[in-house]
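Please read the following notes with the sequence and the model side by side. They are meant for someone who is seeing this structure for the first time.

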Amino acid sequence: MKNKFYITTAIDYVNAEPHIGHAYQKIVADVLARWHKLKGDEVFFVTGTDEHGKKVQKAAEKAGKPVEKFVDETAKKFKEAWKSLNIIPDRFLRTTDKDHKKVVKEFIEKCNKAGDIYLGEYEGHYCTDCEAYYTERDAPDFICPVHKKKLDKLKEKSYFFKLSKYKKFLLNLYKEHPEFILPKARRNETISRVKEGLQDLSISRTSFDWGIEFPLDKEHITYVWFDALINYYTATRTKGKEKFWPANLHLLGKDNTWFHCVYWPAMLESAGVKLPITTFNHGFLKFNGQKISKSLGNAISPKILVEKYGVDTVRYFCLRHFPFGDDGDFDEKALIARHNNELANKLGNLVSRVAGLIDKNGIENFDWKKSEEVIIKRNISLTNINLFTLNLKKNLYELSNLVQKSVDGLIEEFKFDKALNEIFAFIDVCNEYVQSKKIWETNDKKALYELKESILKVAELLSPFIPESSEKIIKQFSAKKIKKGDILFKKI
RNA sequence: UACAGUAUGGUGUAAUGGUUUAGCACAGUGGCCUCAUGAGCCACAGGUGACAGUUCGAUUCUGUCUAUUGUAACCA
């Protein structure tokens with residue numbers, strides 16, 4: 001039977017345009033989705049946009065557009081950005097979608113039936129100019145950090161969710177299912193914060209109207225977070241998709257950890273819905289060493305980066321250059337170096353020289369399982385299968401299988417950088433093989449067969465990461481007559 | 001301020017309480033080769049933040065310091 005794999009990304013808030021930080025997470029999701037498909041799993045991959053809330057309403061006002069039009073336009077930009085990166089979700093969900101609104105309302109009613117929602121008063125320190133509440137930390141001495149005015153103590157009627165009730169449940173969840181919060185550092189952080197105690201959550205608003213109507217009271221709209229989180233569940237409430245719940249993996253940035261690891265499981269438990277299996281809370285990208293922010297003006301559109309460097313190079317770099325989970329730096333110089341050295345010189349050149357040799361000399365089909373061993377002088381790591389040997393003796397067939405196993409294991413652990421490193425170590429071995437066999441002199445057709453098979457293996461392993469180029473390689477080397485093709489990666 | 005994490009050659013990273021040479025990649029230097037995208041192969045050089053401690057022995061464990069990152073609830 002096929003395994004099912006349901007993966008989601010954070011849905012992006014449409015008050016600003018997509019940048020490489022958003023893209024990073026979507027690339028990872030797409031790689032995982034493709035990899036699971038390759039393994040034969042039945043995959044459901046959902047991403048989308050979060051479109052309600054006051055900030056969006058304000059951004060629309062500022063742009064001088066009706067909110068509906070504004071969100072349509074911004075959502076489109078996100079969609080297009082993912083398309084340009086070859087990120088292909090099975091559904092792009094917008095929180096303004098009809099089915100989502102319906103599911104949210106039903107969800108809230110379920111929580112209400114469970115006795116977890118009550119009417120109360122939200123009290124906070126409010127700046128009338130900002131139209132926003134500030135916490136004591138953001139505004140010490142209760143002075144608005146923007147307007148330097150004294151904040152008003154304000155009370156507002158609001159419905160609350162009994163989050164405090166779920167403290168024990170949550171702590172138990174983290175204990176029983178450590179994989180619920182990855183990586184570990186984020187789990188520890190969350191545990192210690194939850195231990196300090198939980199306050200009930202204000203989940204409705206009356207001060208503006210851009211949101212989903214609160215089903216228990218028409219005077220209220222639903223607080224954005226309560227609405228947004230439910231999107232993951234919504235996507236599985238359509239025909240044929242029900243079986244995908246619970247989600248196998250929610251990918252999210254570390255700024256979202258609290259919402260996904262505390263609010264979300266409590267909400268689901270309240271509504272009587274199964275919990276997702278894993279949330280992976282990754283770090284942020286910098287851009288050329290600087291934090292990405294509007295004010296710095298460095299929030300460059302992913303589309304522009306793709307035009308500049310190519311889809312596969314951007315995808316490759318994002319996964320290769322930094323360990324997934326920590327913060328990373330999208331450094332353009334490093335990207336160019338990796339493009340030239342790794343994609344062009346190692347992979348591109350190997351493909352080109354082998355294709356050229358086959359084109360000229362032909363190839364002889366044989367059982368390469370029985371081909372002779374090569375001594376691999378390079379210290380190929382193969383971390384996951386505990387083979388850390390210098391002067392390893394294997395033939396290319398055996399080695400490619402070891403690499404495959406190692407890569408599979410590493411991807412399951414979210415160690416994409418290492419997985420790619422191993423694939424490229426194998427590419428190095430192939431280049432050494434051409435050299436040591438002096439194929440251009442010997443015209444060794446059997447060796448060329450081995451190399452053909454090895455390159456096909458490499459292309460398969462790389463296909464989740466760099467789908468476009470991998471497809472080209474597979475096409476080129478599966479042909480009856482292998483020909484020297486076009487250059488795969490032009491140097492930058 | 002509190003709590004937590006990190007600190008490895010020019011850069012990005014890997015590993016280990018002790019195989020008398022801390023691995024890999026890029027950049028650097030020298031050589032070989034010419035099938036290939038001035039690519040490929042071989043070799044050389046360069047490193048464990050600071051100060052103590054535990055130990056026969058620490059890069060690896062402990063402490064202090066310094067630097068840096070994260071978290072500290074309504075921020076999508």
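This is a predicted model: local features need pLDDT of at least 70, side-chain atom pairs count only at pLDDT 80 or more; totals for chains, interfaces and linings use all residues.

1. Residues are numbered from 1 along each chain as its sequence is written, and chains are lettered from A and ligands numbered from 1 in the order in which they are written.

2. Chain A is divided into domain 1, made of 4–115 + 180–193 + 225–302, and domain 2, which covers 332–478; these bounds come from an automatic or database domain assignment. The C-alpha centres of domain 1 and domain 2 lie 36 Å apart. Contact involves 7 residues of domain 1 and 9 residues of domain 2, two residues being in contact if their C-beta atoms, placed from the backbone, lie within 7 Å.

3. On the side of domain 1 that touches domain 2, helix α1 (residues 20–38) gives the most, with 4 residues; helices (H or I, at least four residues) and strands (E, at least two) are DSSP runs, numbered from the N terminus. That side of domain 1 has 4 nonpolar, 2 polar and 1 charged residues, where Ala, Val, Leu, Ile, Met, Phe, Trp, Tyr, Cys and Pro count as nonpolar, Asp, Glu, Lys and Arg as charged, and the others, Gly among them, as polar.

4. Helix α1 has 19 residues and reaches 26 Å from its first C-alpha to its last, close to the 27 Å expected, the expected span being 1.5 Å times one less than the number of residues. Because 17 of the 19 residues of α1 are buried, α1 is largely enclosed by the rest of the structure. A residue is buried if 20 or more other C-beta atoms, placed from the backbone, lie within 10 Å of its own, exposed if 12 or fewer, and partly exposed in between. Glycine 40, with a positive phi near 95 degrees, follows α1.

5. Where does α9 bend? A kink of about 30 degrees lies at tryptophan 264, shortly before proline 265; the bend at a residue is the angle between axes fitted to the seven residues ending there and the seven starting there. Buried residues of α9 include Trp264 and Pro265, and α9 is followed by glycine 272, whose phi is positive, near 75 degrees.

6. RNA strand B is surrounded by 60 residues, the closest being Tyr13, Asn345, Gly348, Asn349 and Trp440; a residue is near a strand if its C-beta atom, placed from the backbone, lies within 6 Å of it. To this surface α12 gives the most, with 12 residues, and by class the surface near RNA strand B divides into 25 nonpolar, 18 polar and 17 charged residues.

7. The peptide bond from leucine 182 to proline 183 is cis, with omega near -10 degrees, and proline 183 lies in the loop between β8 (181–182) and α6. Tryptophan 245 and proline 246 are also joined by a cis peptide bond, with omega about 0 degrees.

8. Phenylalanine 414 is not a glycine, yet has a positive phi of about 65 degrees, and phenylalanine 414 counts as buried because 21 C-beta neighbours lie inside 10 Å. Asparagine 443 has a positive phi near 50 degrees, and with 13 C-beta neighbours inside 10 Å asparagine 443 counts as partly exposed.
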